[in-house]
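Please look through the sequence and the model that follow, and keep both at hand while reading. The paragraphs after them move from one region to the next.

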Amino acid sequence: MKTHPLFPKVNALLHGCDYNPEQWLDRPDILEEDIHLMKQAGVNTVTLGVFSWSMYEPTEGEYRFEWMHKIMDDLYKNGIYTILATPSGARPAWLDEKYPEAMRTNLKRVKNLHGLRHNHCITSPAYRRLVHEMDVKLAEEFGSHPGLILWHISNEFGGECACELCAEKFRTYLREKYHNNIEELNQAWWTTFWSHRFNDFDQIEPPASHGEKSIHGLNLDWKRFTTVNTRDFMEAEMAVFREKTPDIPITTNFMHLYAALDYNQMAKPLDVISWDSYPKYGDPDRSLYDISVENAFDHVTMRSFKKDRPIMMMESVPSLVNWHEYNKPKRPGVHRITALQAIACGSDTVQYFQWRKGRGSFEQYHGAVMDHLGRSDTRVFRDVEALGAALAALKEVQGSLVKAQAAILFDWDNRWAIDDAAAFSDKSKKYEQTCIDLFRLFVKNGVEVDLISSEESFADYQVLVAPMLYLLKPGVARRMKEFTEAGGQLLATYITGYVDEHTLCYLGGFPGDGLTELFGLYTEEIDTLFPKDTNGAAFLEDAPVEGTYKVRDYCEIVKLQGARTLAVYTDDFYKNTPVVTVNPCGKGKAYYVAARMEASGMEAVLRYLWQQAGIEPKSLPEGVEYHRRLGEGVAYDFYLNYTNEEKTVTTEQGVDLLTGSAVGGKTVLPPLGVIVCRVQL
Ligand code: GLA
Ligand code: ZN
């Protein structure tokens with residue numbers, strides 16, 4: 001497998017952190033100590049300048065970069081590389097004072113005051129101009145610094161603005177999308193309903209809780225526009241660096257599964273995907289394994305945006321955050337395993353927010369490598385130091401990639417449309433959770449899976465699972481058919497293919513757009529169950545899957561048009577009607593699971609699909625996660641034991657890179673233990 005090392009200059013997995021030396025410029029002793037301690041902790045990179053605007057440009061047009069030069073130079077001399085951020089994530093006070101248009105207006109049409117961060121109108125020409133000027137300066141000042149390895153655009157883009165500038169830009173977006181034809185928009189948005197027809201694009205407003213929120217097409221287009229506008233802002237920032245420093249790659253840091261921006265779209269122009277991981281470790285109601293698998297879902301979502309290169313875990317924390325409901329430090333051993341999980345899932349970096357706790361303001365108690373205590377003999381520092389050594393031992397893993405033969409569709413447009421649909425039950429729709437629950441079954445069985453949008457090619461996969469694909473974009477049904485004809489195993493569930501890309505219902509039967517033929521059935525009704533209701537799915541004697549499984553929340557009543565029944569409902573007026581079906585199509589098969597079936601039932605069905613596709617699940621002990629990264633002629637098998645007990649896994653013959661010892665056959669993982677077994681292929 002061809003590898004893709006992210007930072008040949010560093011030639012190592014990155015171990016780094018957000019570093020805010022501008023908060024300590026009056027303490028040269030601390031800055032000096034920082035470098036010394038970073039080296040001790042095996043930190044080879046820092047992210048600088050994320051919130052440095054007011055230090056770079058204390059008043060408009062007065063730039064000060066000397067301090068940053070000194071910091072970057074000193075770091076570089078000591079072998080520490082820099083990821084340099086653009087400071088557009090927070091604005092200095094003078095900017096908002098002079099250009100109030102830069103401050104955000106919320107959907108209630110209330111203009112925010114100066115303060116916080118990520119509080120901008122990203123349409124604002126003044127704000128864009130000032131960001132541009134800053135970025136040009138940064139590129140000129142630091143673009144050729146030998147320590148610079150990556151541009152970090154802004155910070156965690158997010159939110160929406162409904163000011164008049166944004167509203168007008170939204171109208172321009174709509175004019176273009178609907179060919180300046182208001183009738184086309186009226187059709188797409190079904191505005192004759194409740195007399196909501198528009199005569200002119202000028203009448204359209206962004207959605208508002210005290211105004212228009214009943215037109216799903218409008219709501220969806222607004223969300224799409226917010227992504228388009230944010231991406232446009234990001235690309236305007238990127239353009240400066242593309243021109244001035246074409247050899248320096250560019251990222252922005254994503255916030256886990258952040259709902260309000262379509263990360264598939266945001267990811268496209270970036271050179272490398274990076275994201276910030278802050279799971280609620282230590283929740284007594286959940287096992288560490290459970291929380292970690294959910295975190296793996298995020299890693300894999302990120303990894304799937306660019307499958308040909310590793311990702312970066314740009315932020316995480318070695319101990320605790322300050323913004324969870326209960327801020328519990330990571331227990332001994334947890335930092336190590338969760339950091340190595342990032343590498344297992346395809347990250348080439350473990351980075352923290354932040355190096356040193358600040359003395360004041362909102363994040364003063366947020367965990368960091370260095371505490372207010374100022375000592376390096378703390379538990380947290382030692383954990384970080386040990387991790388630095390572990391990452392050094394894994395150096396050769398950099399650039400290797402995870403290859404999945406299966407994919408689950410996880411689609412932002414679909415998320416938005418399902419969440420917005422006034423139907424089913426808002427309490428039990430749980431689209432994301434449904435995707436995560438399916439993903440969990442793949443992880444449990446050691447089967448690598450990608451998480452892709454419905455717009456991506458299906459051609460590289462043998463198994464494709466499309467949970468609750470309510471919104472079918474143009475061409476998706478056709479591509480699903482091609483996938484199946486070519487020999488793929490396709491599985492869809494209840495609430496598939498109800499609406500088109502405008503959220504208009506398909507006529508003539510769900511799942512629409514030709515999927516009724518592909519699956520050989522149509523849905524006549526959907527039963528939304530109350531939490532106490534259950535039904536069952538009983539597999540028939542001649543079915544390749546055995547058993548009876550509980551179903552909850554959603555039961556579609558389907559009529560067959562060629563599909564074969566594998567399981568039937570056990571109760572209610574639709575007892576004995578089909579709940580799981582299969583329909584052959586070309587060389588492949590299309591399976592339909594018409595109800596929300598309990599995990600063991602879904603697992604049984606998936607096992608059958610994997611078998612049909614020639615994918616072999618792994619037998620893993622409970623609480624152990626497995627991933628394989630592929631290098632050139634070599635595989636790295638990661639086994640992570642999230643339990644407090646010893647677990648025995650069966651590995652291939654190889655070397656555990658973390659210890660240097662030979663492993664093969666049965667190997668005991670200690671509590672919270674990790675093995676990274678290098679296998680020659
Ligand atoms: C985010 C931000 C950081 C910091 C951390 C705290 O990820 O990007 O600047 O505020 O949260 O957890
Ligand atoms: Zn605005």
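In which helix does Glu184 lie? Glu184 lies in helix H7, where helices (H or I, at least four residues) and strands (E, at least two) are DSSP runs numbered from the N terminus. This is a predicted model, in which local features need pLDDT of at least 70 and side-chain atom pairs count only at pLDDT 80 or more, while totals for chains, interfaces and linings use all residues. Residues are numbered from 1 along each chain as its sequence is written, chains are lettered from A and ligands numbered from 1 in the order in which they are written, and side-chain values use heavy atoms, with hydrogens and water left out.

With a relative accessibility of 29%, Glu184 counts as partly exposed; buried means under 20% relative accessible area, exposed means over 50%, and partly exposed lies in between (1.4 Å probe, protein chains only). From Glu184 to Ile215 the sequence separation is 31 residues, and their C-alpha atoms are 15 Å apart in space. The loop between helix H7 (182-189) and helix H8 (216-244) holds Trp194, which is exposed at a relative accessible area of 59%. Together with Trp190 and Phe193, Trp194 forms a nonpolar patch on the surface, with about 420 Å² of accessible area for the three together. Patches are made of residues with over 30% relative accessible area and no salt bridge, like charges being joined within 9 Å and nonpolar side chains (Val, Leu, Ile, Met, Phe, Trp, Tyr) within 5 Å. The accessible areas come from the Shrake-Rupley method with a 1.4 Å probe, and for residues only the protein chains shown count as cover.

The next site is a metal site. The zinc ion (ligand 2) is coordinated at 2.3 Å by the SG atoms of Cys121, Cys161, Cys163 and Cys166, donors being N, O and S atoms within 2.8 Å of the metal (3.2 Å for Na, K and Ca), and since water is not among the atoms, sites may look incomplete. Along the chain, the donors of this zinc ion follow the spacing C-x39-C-x1-C-x2-C. Why is the arrangement around the zinc ion (ligand 2) called tetrahedral? The four donor atoms subtend angles of 102 to 118 degrees, which makes it so, because four donors count as tetrahedral if all angles lie between 85 and 135 degrees.

Arg175 and Asp202 meet through their side chains in a salt bridge (2.6 Å, N to O), a term for a side-chain nitrogen of Lys or Arg within 4 Å of a carboxyl oxygen of Asp or Glu. This pair, too, links distant parts of the chain, since Arg175 is in helix H6 and Asp202 in the loop between H7 and H8, 27 residues apart. Both residues belong to a network of salt bridges that links Arg109, Glu164, Glu168, Arg171, Arg175, Asp202 and Glu205. By the same rule, the count of salt bridges comes to 51. Another is formed by Arg440 with Asp437, the closest N and O atoms being 3.7 Å apart; the two are three residues apart in helix H14 (residues 431-444), and therefore separated by about one helical turn. Of this pair, Arg440 is buried at 17% relative accessible area, whereas Asp437 is partly exposed at 35%.

Finally, the strands. An open sheet of nine strands runs in the order S5-S4-S3-S2-S1-S9-S8-S7-S6 with parallel pairing, two strands being paired if DSSP finds at least two bridges between them. Strand S5 (250-251) and strand S6 (253-255) stand at the edges, each with a single partner strand, so one side of each is left without a neighbour in the sheet. Strand S1 (residues 14-18) and S2 pair in the parallel sense over three bridges, and Asp18 has Thr47 as its bridge partner in S2. Both faces of strand S2 (residues 45-48) are covered, with Thr45 and Thr47 buried on one side and Val46 and Leu48 buried on the other.

How values were computed: Tetrahedral: all angles 85-135°; square planar, octahedral: opposite > 155°, others 65-115°.
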